Amino acid sequence: MLVATAALVAGVAHAQLFENPDWQESAVPPPPSYDLRRALEIEMPAYMTLKFGVDPQTITITPDGVVRYVVLGWREGGSAVNAFYEGVRCATAEYKTYARSADGTWRMADNPDWKRLDERNSIYTSELARQALCRGRAPRASVSDMVRELKRPEVLSY
């Protein structure tokens, strides 16, 4: 009985820490400028034909635990670049797309909402979170830690 009670208390504490019903996202600033030449490539599954990278100068960690950044997608040898201004919430394994650009002009998303990282439409976001942004259910300690992991991925098993 004591073990069951301890497990229940631990579960409630865990839920409050990571799934706080009072949590609110801080104000989202306008999308930052980006440069494909600065992009650090995200390691993607072999079957992916598109390349993805994140401009390290766009990565920020907010006080509410959201990691925001600009991720870029392109084809090798192509001239078209798609950009996505996104946020990842490591605590809940969710992401949100705030804006998109295909021609250098940002278009804000209508009513952006949080989606699960494991959605098939966002493999690059899931890989970015796993490889560099999150350490378990929390953001890495600093942007420089995230950049280091993009340059030299660490093997995580979470």
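Predicted model: local features only at pLDDT ≥ 70, side-chain atom pairs only at ≥ 80, totals over all residues.
A hairpin is formed by β5 and β6, with four residues between them. In its turn, A93 takes a positive phi of about 55°.

Now look at the other partner. Strand β4 (residues 66-75) is joined to β5 by nine bridges, again in an antiparallel arrangement. Here L72 faces A83 in β5. β4 and β5 also make a hairpin, this one with five residues between the strands, and G77 in the turn has a positive phi of about 85°.

Here are the two pairings side by side:

| Strands | Bridges | Direction | Opposite residues |
|---|---|---|---|
| β4 and β5 | nine | antiparallel | L72 and A83 |

How enclosed is strand β5 by the rest of the structure? Eight of its nine residues (residues 81-89) are buried, so β5 is largely enclosed. Buried here means a relative accessible area under 20%.

The structure holds one disulfide, and it joins C90 to C134 with an S to S distance of 2.0 Å. This pair links distant parts of the chain: C90 lies in the loop between β5 and β6, while C134 belongs to strand β9 (residues 134-135), 44 residues apart. Which hand does the disulfide of C90 and C134 have? The torsion about its S-S bond is about -80°, so the disulfide is left-handed. Both C90 and C134 are buried.

Terms used. Residues numbered from 1 in each chain as written. Heavy atoms only, no water. Buried < 20%, exposed > 50% of the residue type's maximum accessible area, 1.4 Å probe, protein only. Helix = DSSP H or I, 4+ residues; strand = E, 2+ residues; numbered from the N terminus. Pairing = 2+ DSSP bridges. Disulfide = S-S within 2.5 Å.
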